[in-house]
Amino acid sequence: MWKNHPRALPFLFFSEMWERFGYYLMIGIFTLYLKDVKTGYGMTEAESADLYGTFIALVFFTPFLGGLIADRYLGYRKSIVIGGLMMGTGYCLMAVHDITMLYVSMTLVIAGNGFFKPNISTLLGNVYSTPAHREQKDEGYNIFYMGINIGAFICNFFGAALYVMMGWSYAFIAAGIGMFIGVVVFLTGTGHYAAFDVKKGVQPTDMPFTRIILLILLPSVIAGAAGWILPGLLWNSTLFGSPSTDAFIFACLPVIYFYTSLYAKAPKEEKRPILALLAIFAVVILFWAVFKQNGSALNTWADRYTNREVKGPPEKVFKALRFSQQIVYTKDSVPLYDEQFRLQKAGNEIIRTYDYPSYFKNVNPERLPLPGSSINVWATNLSQSINPGWVIIFTPLILAFFTWLRKKNKEPSTATKITWGLFISALSALVMVGAVYASSNGTGKASVWWLIASYGVITVGELFLSPMGLSIVSKLSPSRITALMMGGWFLSTSIGNKLSGVLATMWDDYDHKANYFWLNFALLIAAAAACFAMLRWLNRILREKGIT
């Protein structure tokens with residue numbers, strides 16, 4: 001896999017793999033932890049989805065600032081190390097069950113990712129900027145992306161075993177250890193990319209950092225505070241569903257203005273490439289809005305609507321590896337859920353009832369165990385490994401496919417790959433529509449194969465889109481603002497992530513879950529249509545730059 005690629009690639013690959021090990025271990029159990037009524041925070045679906053959406057939105061919002069600081073002052077290597085250490089510390093602090101400490105740890109992860117994420121991607125692009133490797137850039141990003149998903153695949157097995165055996169705290173600590181290993185790997189390979197860690201400095205046409213703070217960051221904070229407070233004061237309600245969503249949207253406005261001003265003030269030769277990137281950023285927001293529901297709505301589908309029981313030889317394996325939990329079919333004092341699995345609360349107090357565990361609410365009567373007996377079910381967070389598992393399987397196949405097309409001079413442009421990625425991703429929502437009807441709208445448990453199929457389809461779309469997004473930013477960005485534009489890619493991811501949380505808060509509002517997935521389908525089809533409409537223009541700009 002590494003043959004003919006720069007020697008820096010394996011070190012960046014494994015650094016990112018371990019960083020993603022920590023992040024996805026944490027994110028795979030995050031909403032489950034928030035909703036746990038025994039040792040978590042007993043949040044409802046809407047409450048957990050809102051916090052989850054805000055968290056992952058801010059995680060991808062800060063690369064805007066991290067990229068800017070790395071470009072001008074710290075450089076990429078120093079920023080990556082600082083970010084990794086902050087994230088590792090944040091994961092470990094999540095082990096402390098205290099709401100204040102939870103917010104402190106989330107803040108560390110949010111800030112740390114801002115330093116780490118855009119700059120390791122930019123450093124990889126710089127490594128491939130030499131004539132010897134320039135044509136391999138798409139392939140290099142695809143290999144790098146597979147490293148991300150190896151970490152995301154294996155982490156959930158560690159997370160499941162740790163929280164089944166020892167509790168949530170130990171799983172969070174394991175995420176922190178994974179992040180620290182990633183920092184060590186990165187430092188080990190310093191010699192292979194030190195020459196590519198070149199600070200751009202402040203150019204004459206750049207906005208000074210103090211001006212950015214005064215005109216962009218400070219207004220973002222003020223706008224966010226206004227978004228949190230004013231709708232409640234003026235209309236006694238929220239504009240977009242929750243105070244955190246209002247605050248996030250208001251806070252985004254000054255940053256969107258900043259990127260618009262980059263285009264307005266850019267030299268003539270840079271305007272069209274910057275505008276093309278801004279257009280792509282806008283369209284892919286809807287991809288992330290659907291894709292990032294893996295940790296919220298799809299996690300809920302796996303937890304409550306999917307048949308997770310393991311029997312026979314697999315049961316023995318899962319029990320031995322601590323990947324399963326035992327549920328006893330007996331009545332006890334349990335949290336009260338309605339027929340749609342909506343947690344019932346009186347104010348902040350959880351209402352309890354005398355009943356069987358909630359897992360059995362939608363088990364077909366003929367499959368119910370005898371009272372007093374038990375079953376074993378696989379840990380819910382294992383479903384989070386389906387998508388990265390497909391990435392590991394599909395990446396070499398898609399790489400081979402595009403290599404074959406390249407040899408025939410028929411390889412589609414990066415923009416074309418992104419467009420088809422959106423269309424293919426839309427089809428994954430149709431698979432989940434099928435799952436809803438197959439389970440009679442969740443009144444019976446659905447087969448896990450529906451989740452596996454849906455993740456398989458969206459993974460193909462993801463591989464057409466996500467690594468290509470990183471690649472096209474590296475190709476089209478003016479060299480003086482490469483990391484800043486990479487931050488723009490992550491800003492679009494951030495907005496999409498928040499939108500995913502907004503959509504997930506609506507889960508309980510849809511009595512028929514097929515309509516929820518039809519909404520996801522409509523959003524992705526609309527995004528694909530917009531991208532197809534711009535495709536000739538985007539390809540023309542790529543050709544003008546002498547790239548594909």
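Reader: How do the residues lining the largest pocket divide into nonpolar, polar and charged?
Author: This is a predicted model. In it, the lining of the largest pocket has 16 nonpolar, eight polar and nine charged residues.

Reader: How much space lies in the largest pocket?
Author: About 1,100 Å³. The lining counts 33 residues, and Asp36, Lys38, Gln325, Ile327 and Ser358 are the closest to the centre.

Reader: Which helices and strands each supply at least two residues of that lining?
Author: The helices are α1 (8-35), α6 (137-165) and α12 (297-305). The strands are β1 (324-328) and β2 (332-335).

Reader: Back to Ser358. Where is Ser358 found?
Author: In the loop between β5 (352-355) and β6 (374-378).

Reader: Is Ser358 buried, partly exposed or exposed?
Author: Partly exposed, because its relative accessibility is 26%. The buried class stops under 20% and the exposed class begins over 50%.

Reader: What is Ser358 in contact with, leaving aside neighbours within four places in sequence?
Author: Tyr337 and Phe341.

Reader: And how far is Ser358 from Leu427?
Author: They are 31 Å apart in space, C-alpha to C-alpha, and 69 residues apart in sequence.

Reader: New topic: Gly40. Where is its place, and is it buried or exposed?
Author: Gly40 is in the loop between α1 and α2 (45-61). Gly40 counts as buried because its relative accessibility is 12%.

Reader: What does Gly40 touch beyond four places in sequence?
Author: Tyr33 and His97.

Reader: How far apart are Gly40 and Trp168?
Author: In sequence, 128 residues. In space, 8.4 Å, C-alpha to C-alpha.

Reader: Last one. Where does Ser296 lie?
Author: Ser296 is in the loop between α11 (268-291) and α12.

Reader: Why does Ser296 count as buried?
Author: Because its relative accessibility is 2%, and buried means under 20%.

Reader: What does Ser296 touch, not counting residues up to four places away?
Author: Glu45, Tyr52, Ser500 and Ala504.

Conventions: Residues numbered from 1 in each chain as written. Predicted model: local features only at pLDDT ≥ 70, side-chain atom pairs only at ≥ 80, totals over all residues. Heavy atoms only, no water. Helix = DSSP H or I, 4+ residues; strand = E, 2+ residues; numbered from the N terminus. Buried < 20%, exposed > 50% of the residue type's maximum accessible area, 1.4 Å probe, protein only. Contact = heavy atoms within 4.5 Å. 1 Å grid on protein atoms, 1.4 Å probe; cavity = no way out; pocket = protein on both sides within 12 Å on 5 of 7 lines; lining within 4 Å. Points joined across faces, edges and corners; volume = space filled by probe spheres on them. Nonpolar A, V, L, I, M, F, W, Y, C, P; charged D, E, K, R; others polar.
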